[in-house]
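The paragraphs below go through one protein model, starting with its core and ending with single residues. Please keep the sequence and the coordinates at hand while reading.

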Amino acid sequence: MTSVRYNRRMASAASAAERFLIPSDEFEPAYLTLHRSGELRRRADEAVQRLRHCLVCPRDCGVDRIANKTAACHTGRYAQVSSYFAHYGEESCLRGWRGSGTIFFAMCNLRCVFCQNYDISQAERGPEASPQRLAGMMLELQAAGCHNINFVTPEHVVPQIIESLAIAAERGLRLPIVYNTSAYDSLDSLQLLEGIVDIYMPDFKFWDSKTSLQYVKAKDYPDAARRNIREMHRQTGVLKCDKQGLAKRGVLVRHLVMPGGIAGTESIMDFLAREISTDTYVNLMSQYYPAGRVSVAQFVEINRHVSRAEYASAVEGAHRAGLSRIEHLQRLWPS
């Protein structure tokens with residue numbers, strides 16, 4: 001009898017895994033279809049023209065970035081790239097065994113007081129990259145064997161990404177595209193990216209607007225995140241991988257657990273389960289530490305690490321909400 005129950009559980013697990021499987025021989029990066037039809041080039045031209053009155057993100061600055069005017073993101077006509085390399089610290093389904101081909105853009109449209117990349121997101125501008133140079137970075141990462149191209153902090157440079165991707169596709173790029181975002185995107189940008197992005201990887205930082213205003217300087221962040229994650233899911237669905245466990249298409253949501261539960265983790269998990277899908281792949285991250293401007297006295301409440309109990313509570317809350325595809329690689333807490 002025990003063996004019968006065991007076999008049933010195994011069969012049920014195998015059946016569930018099949019739902020999230022994309023056979024390798026049936027997968028092709030989405031943007032290649034647009035490239036062959038000429039739509040990718042047309043969309044790139046349209047995207048760049050939108051820089052003349054920039055509404056690329058919810059800040060709606062309206063400046064002429066073609067003329068190198070800048071506002072919230074401190075980025076003009078060309079994207080700024082702080083670094084690019086094969087990253088082995090991403091989720092297992094992205095890094096695989098040859099790394100995720102990350103391209104870290106400098107500057108950001110948020111002002112997270114706790115940003116762990118504060119030096120490149122807010123403090124110092126990075127070197128500009130022409131469309132040809134950015135395309136070359138993608139091709140270098142492909143030649144190095146990376147499993148995907150992973151755009152980090154891309155919200156403010158969507159037109160530049162599409163422009164460069166059109167060049168890279170013409171020159172032989174064939175890797176899936178990961179859009180690694182804070183979720184503070186404009187719906188207009190996401191509509192431009194439909195059929196281009198294979199894997200959306202949004203953060204969901206805060207549930208409450210007052211908390212968002214205090215810590216990321218954007219009161220409308222929660223509304224934007226909810227709207228955008230719905231749209232990302234509409235475009236690509238739940239995360240699916242190949243038989244080797246490499247992500248190929250869908251949405252992977254990241255959530256950083258914060259001290260004192262101030263991020264509203266329980267509400268965020270409920271939203272994902274109720275309004276997106278109980279099959280949503282979620283990475284509950286435990287690695288918060290005081291960074292950026294957190295040492296300033298006004299942020300004393302988050303001037304500490306997350307406790308083991310706080311993190312365990314977040315994981316339990318995700319399970320209670322009905323989510324089952326949860327990645328939670330716990331850091332080592334002091335005993």
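The largest nonpolar core has 87 residues, and the members that touch the most others are Ile-103, Phe-114 and Leu-272. The greatest contribution to this core comes from helix H7, residues 158-170, which supplies 8 residues. Apart from it lies another core, of 10 residues, which includes Ile-199, Met-201, Leu-239 and Cys-241. In soluble globular proteins, nonpolar side chains tend to be buried together. The model is a predicted one.

Leaving out residues up to four places away in sequence, Leu-272 touches Ile-229, Val-253, Ser-277, Thr-280, Val-282 and Leu-323. Leu-272 belongs to the largest core.

The overall dimensions come next. The protein has 12 helices and 10 strands. For 335 residues, a compact globule would have a radius of gyration near 20 Å, and the protein agrees with this at 20 Å. Along the principal axes, the C-alpha atoms fill a box of roughly 70 × 55 × 35 Å. Of the 335 residues, 54% are buried. Among contacts between residues at least 6 apart in sequence, 72% join residues at least 24 apart.

Helix H12 shows how burial is arranged around a helix. H12 runs over residues 308-321, has 14 residues, and reaches 20 Å from its first C-alpha to its last, close to the 20 Å expected at 1.5 Å a residue. Its buried residues are Glu-310, Tyr-311, Ala-314, Val-315, Gly-317, Ala-318 and Ala-321. Why do they lie on the same side of H12? They cover an arc of only 160° around the axis, and therefore share one side of the helix. The face turned away from that buried side carries the exposed residues Ala-309 and Arg-320. The cover over the buried residues of H12 includes helix H11 (265-276), strand E9 (281-285) and strand E10 (326-327). Just after H12, Gly-322 takes a positive phi of about 105°.

In helix H3, residues 39-49, the buried residues are Leu-40, Arg-43, Ala-44, Ala-47 and Val-48. They cover an arc of only 135° around the axis, so they sit on the same side of H3. What covers them includes helix H2 (31-37), H7 and H8. In helix H9, residues 209-216, the buried residues are Thr-211, Ser-212, Tyr-215 and Val-216. Their arc is only 100° around the axis, which puts them on the same side of H9. Helix H10 (221-236) is included in what covers the buried residues of H9.

Ser-182 is in the loop between strand E5 (177-181) and helix H8 (187-193). Is Ser-182 buried or exposed? Ser-182 counts as buried because its relative accessible area is 6%, where the limit for burial is under 20%. Not counting residues up to four places away in sequence, Ser-182 touches Asn-109, Leu-110, Glu-155, Asp-203, Lys-205 and Tyr-221.

Arg-59 lies in the loop between H3 and strand E1 (79-87). With a relative accessible area of 27%, Arg-59 is partly exposed. Setting aside neighbours within four places in sequence, Arg-59 is in contact with Ala-72, Asn-109, Leu-110, Arg-111, Tyr-184, Val-216, Lys-217 and Ala-218. Arg-59 and Ser-324 are 265 residues apart in sequence, and their C-alpha atoms are 35 Å apart in space.

The cysteines remain. How many disulfides are there? The count is 0, for a pair of sulfur atoms within 2.5 Å would be required. The sulfur of Cys-54 has its closest cysteine sulfur in Cys-73, at 6.3 Å, so the two are too far apart for a bond. Cys-54 is buried, at 8% relative accessibility. For Cys-108, the closest cysteine sulfur is in Cys-112, at 6.2 Å, and this is likewise too far for a bond. Cys-108 is buried at 11% relative accessibility.

Terms used:
Residues numbered from 1 in each chain as written. Predicted model: local features only at pLDDT ≥ 70, side-chain atom pairs only at ≥ 80, totals over all residues. Heavy atoms only, no water. Helix = DSSP H or I, 4+ residues; strand = E, 2+ residues; numbered from the N terminus. Expected span 1.5 Å × (residues − 1). Buried < 20%, exposed > 50% of the residue type's maximum accessible area, 1.4 Å probe, protein only. Arc of directions from axis to C-beta. Contact = heavy atoms within 4.5 Å. Core = buried A, V, L, I, M, F, W, Y, C linked by side-chain atoms within 4.5 Å. Rg over C-alpha atoms; globule rule 2.2 N^0.38 Å.
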